[in-house]
Every structure is written in C-alpha cells, then in structure tokens.
Amino acid sequence: MSLGEINGLRDPDESGRFGEFGGRFVPETLIPACLDLEKSFKEAWADKEFRSRLDQLLSEYAGRPSPLTECPNLSKELGCRVLLKREDLNHTGSHKINNVLGQALLAQRMGKTRLLAETGAGQHGVATATAAALLGMECCVYMGEVDIERQELNVFRMRLLGAEVRTALSGSRTLKDAINEAMRDWVATVEESHYCLGSVMGPHPYPWMVRTFHEVLGKEAREQSEERLGTVPDLVVACVGGGSNAIGIFSGFADSSAELVGVEPSGGAAVGRGVPGVVHGSRSFLLQDEFGQVLEAESISAGLDYPGVGPEHSHLADSGRARYESVTDEEVIEAFQLLSRMEGIIPALEPAHALAWVSRERESLEGKTVLINLSGRGDKDVGQMMEVLEVDDGK
Amino acid sequence: MSQTIEETLLAKRESGKKSLVVYLTGGLDEHFEATVEEVSASGADVIEIGIPFSDPVMDGPTIQRANDMALTSGATPVSILDRVKQVESPTPLAVMTYYNIAASMGVERFASLLARSRVSGCILPDLPLEEVEPWANAADEEEVETILLAAPTAPDERLPIICERSRGFIYGVGLLGVTGVRQELASSAIEISTRLKKVTNLPVLVGVGIGTPDQAVEASRASDGVVVGSAVVERMLEGGGPERVGALVKEFRTALDEATF
Ligand SMILES: Cc1ncc(COP(=O)(O)O)c(C=O)c1O
C-alpha cells in the first residue's frame, strides 16, 4: 500500500454514512429515539464532566489502561514480533466494557431506566449487566438459544449480576436473532429503555458512537507502540464480528503507515463473501441469498457468528484502507491452544481468529512487527473447548 | 388500471363508511390465491400481501411464524408476485415487506415488478422518511403508491412531513410495539389517529394491535379505518381454508358497517 492512501477514520455524514454504507434503516417508531440519541451523545461528548466521569470509571472500575504485552515465545515460533493489546485484562474480560460504560452513563443522563442488549458470546451482555448493576438500572439481555448453550457460564454471570436473560428462539438462534428480539423489545419500550448495542453496527448514530467509545483502546495502543517500538507496528490485526474491537484499535493507527487487517470467520465473512444489503439498521456487506434473505452464519465463535458487519468496515474495505481476511474454525482451535501454551494466555475464541491468521501467514510476516488486539479472555470458552478438544483426542 | 388505493379509500370515506385493509402472508400455502379472492369478496377495501423476510423486526410471533412457514416452503418474492398476478379480484393490492427485499433486486426493478404484478402500493416498515427517497422516487415513476408509517413517538412537527411523502394512505401505528393481537386497544391508537387527522387529508388508517371487530370499531372512531393483520394470519395458520379466513373478514366488515360513527 502506498503512503498516499493513508488517512485517518472520518466521522459519518449527516445521514450516518461512511462512504455509501450506514444510514438509519429502522421502523419509524424508533427514529425519534435515534435522533435523540445522536443529539444527546454529541452533547455528552462535548461535556467535560461527562468525559471525566467516564474516564474515571474506565480507569478505576474497568482497569484501564490495558497493557501492551510482548510475546517472546510466540514471536520466536512464528518468526515475527508479536505484541498483544490486552483488552482481556479489562474488568468483565473484554473490550466490550469501554462501550458499555459510555452508553450506560449516556442512557442515565437521558433519563432512561432500563438497558436493553443483545449478546452473542455473552461478553457484551455481561458488560451491560455489570454497568446496570453499577448504575442501578434495570437490564434485559437477549441471547440466541444456541449461544445460551455454548456460553452458559456467561448466562450465569449475567443473572448473578441481576440481569434478565431472554432466549431468542427464532431463525438461527444466534446473535442475528438476538438483535431482532432486542429491536422488537426496543420498539415496544423505547420510552424507558436505551438499546445498548454491542458493536459498531445498527442505525446511526450507533456505529459512530460505539467507535468513539472504543477509541480509547486505539489511542492507548498507539502511545504504547510509539513508546515500545519508537514507531508503529507494521500490521495491526483484529477479529471482526460487528467490528467494535477492530475499529477501536484501527482508530489509533488509521493515520499511520500500519497495515490494518480484520479477520472474519470463514463461515461469517460478510466483507469477504457478502454483498451490500440492509439489515439491523444499516447498509453494509451482508451474507444474503439472491432474493435478499439474510443467510445464517456459521462459526465456532458465538461472538463472530453473524452474517453482517459494521458499515464503517465495509467502507474501509471499499476504500482499501483496511483489508479483511478469514480463517477456519480448525485454524482458530489451533491458535487458541498455541497462545495458551506459548505465552500462558488463554484467549477468547474471537481474538483467536486474529492469532490464527497471523500464525497461518507467518511466512509472509517474517521479520515484521504485528500488533494483535486480544479483545477478550478465554474463560468463557473453556467449557466448549473442553468438548471440542476431547473429541479431537478421541477420548 | 383500476382505481388507486388512495382513490378507493377516499371514495369509501366520502360514502360515510370506514375502510378495512387486510394483511395476508404471501405464499403461505396452496390456498393463497383463493384466500386473497375470498378476502376481497368478504369486504376488504385493500389487501396487503406480506412478502416474507428473514429478519422481520416489526413483526410479532404470529406473522413471524407465517413468514418462516412460507420461506421454508420455498416462497420467494418472485414466486409470490407470480401468484399475485393470477388473482382475480377488483380489490387494490399492496405489498408489505422489508427494504432489503427491494434493495437486493434494485429499487427500480422492484417497483416495476410490482407494477407488472398489478400491485398498487407498497409498505416497507424499516424504511423511514430519512431513507425513503430512492425507493419512493422509483415507486412514483411506476405509479406504485408508497405508504408510510407514522408512529406515536413522532413529535408533532414530523407528522405533516411524513403525510406529505405518503401515498395511498397514512398508516398510523396503533401502539408502541410490533404486530400482534392484544387484549385491549391501546389509547395510543386513538391518539395517533387524532393527531394525523389534524394534519392531512389523506385517508388515515390505524394498524398494529387491531385484533377484534370491537377494537376495529373503537379505533375507527378517530380514523378512516383500520389495518388488520395478525388476527387474520392466525386464522390462516389454523388451517380451515379460505372460507374461514373470509368469515373473519366478514365479521370485521359487518362490525365496521353497522357501527354508528
Ligand atoms: C472477546 C470478543 N471479541 C470480539 C467480539 C466480536 O465483536 P466485535 O467485532 O464488535 O469486536 C466479541 C463479541 O462477543 C467478543 O466477546
């Protein structure tokens, strides 16, 4: 890529578009709520008091800044220098808390009393339940039946935190359907509920607002890289479901020479194999059939098991500023074990996708410096992996 | 072409009667064409044909279930519209679906396909005013009436703008929520109709949550009529064929015609 193509992330236009992606495709009932949210977010973000309250929570409650960790053993094994941005060390175990604390404070400022969320892996649901407990708000989380089974630990955590977990029984019974149910709930309860969306997707202003709340991790990673390396890494790699952890880290490097790589699961590669379409509030790359019916994704990772992607990623792919690759479930299972054994860090299955890509591409990455966003820890996945690996061992 | 939806509903209003718009899930079973004809003969003024979409966020359990059944049996937008073409009824038809169905075909092609299928109007519940222009222009071009929704959450200043862009009628959303039968009529059904009547001459119909003939009559006190969906689809799902669906529509028709307003 030539340096001439490098540019920072831009804010969306009035209609909520990044290039030709984004927008506000929701039922009329929700439009006033979206307009109100946009206005309130802009005001809050310009308000020093709001910002310092959020900063305080991010440091004292969530444990920011998260460290940047060198991986000496893995680097030796792969032949490239690997650094991890440790979002797994945040309170609740993933990057999701950054966005949730921001949205929960905002919701409270807007006079809402109830937080509504969808969750795939359960990490966003746990983060939302956590913020609701902290701020004394009611919390309801929708989760697909399939995900409730494979992430049962997180279901228990949410309930322990005082949230109500409702099962989404329609369609593929995964993240896509949890979002449908959350939107239906929101249509009915919009006056008291804030929909705390968990990724950079949905109608404007969500993709932009959620990105803004995650920029903290990109900013930290940039400063930490400059300090450690004296420069930026050659590549910045992150897994992409809706794309919030990826956009967070990309935001710190978009104006630099670093190559940005998003890694999708091969069974949910919206950018890789999708075509533009409209679902869940925005226009973006989408896995769909010839008639516009949304296809079901298929991934070992509940957090990436989604047929769409946030609109800004579609734009970054279109403009060439970032590229999107995919890895198989088998490669992810390998990477999950590789990082555990090599560095004593058990990753969540989602960021194991980013690791899997780096591991597969080791030859072409030889001698390079690679920063991976370790978006979450793997505790939630050990039950599922225990079964997968025992079957592999033939036990 | 016969009368437009708007002409039909205005004529009804002038005759001092209330309008009845009936929603049916397209391609649900082998009786689809006969059901449309029976509903027409039973007194519906306009019939909405639902084209199923994989992710219907404005729909409750009943219409979702019908949706899934139609999709599982292989119904597609093209196959449903092909069947619509075979229907013999003088009642104007509208299609109700989600925007991606139109977008994936291309809005011009979709509008032209509707026109060629003898469909007069179209409702896309996830395409709000802010995003409607490309579709609405393509539909205008083909003389397909784009029916917009107006919700209880809209501030006063938004309603006239929505009415201005709507064709056929203005669809007042009767409650905060998705489609489905409710125990009682929400007070918001009366409120939204009253607010809309103040700002437009278009026919004002209220839908979502109108499940019984009594509720239809009550809601029509403030509006020009009602849209009935889930109650009819529930009948379709029970089996029993077009006659039983028609019988329910007749109950609504009779209640509306016999009530004094
Ligand atoms: C640890 C972790 N990483 C990544 C994701 C995927 O979301 P996004 O693409 O928005 O970062 C999830 C979602 O559940 C997650 O739990």
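Analyst: In this predicted model, 18 residues surround the ligand, the closest being Ser199(A), Gly241(A), Gly243(A), Ser244(A) and Ser375(A); a residue counts as near if one of its heavy atoms lies within 4 Å. Local features need pLDDT of at least 70 and side-chain atom pairs pLDDT 80 or more, whereas totals for chains, interfaces and linings use all residues. Residues are numbered from 1 along each chain as its sequence is written, chains are lettered from A and ligands numbered from 1 in written order, and side-chain values use heavy atoms, without hydrogens and water.

The shell comprises 4 nonpolar, 12 polar and 2 charged residues, with Gly counted as polar. Both domain 1 (17-59 + 96-206) and domain 2 (63-94 + 216-388) of chain A supply at least three residues to this shell, the bounds coming from an automatic or database domain assignment.

Polar contacts (pairs of N or O atoms within 3.5 Å) reach oxygen atoms of the ligand from a polar side-chain atom of Ser199(A) at 2.5 Å, a polar side-chain atom of Ser244(A) at 2.7 Å and a backbone N or O atom of Gly242(A) at 3.2 Å. Of the 390 Å² that the ligand exposes when taken alone, the protein buries 98% (Shrake-Rupley method, 1.4 Å probe).

How values were computed
A polar contact is a pair of N or O atoms within 3.5 Å; within protein, one must be able to donate a hydrogen and the other to accept it, and residues adjacent in sequence count only if both atoms are side-chain atoms.
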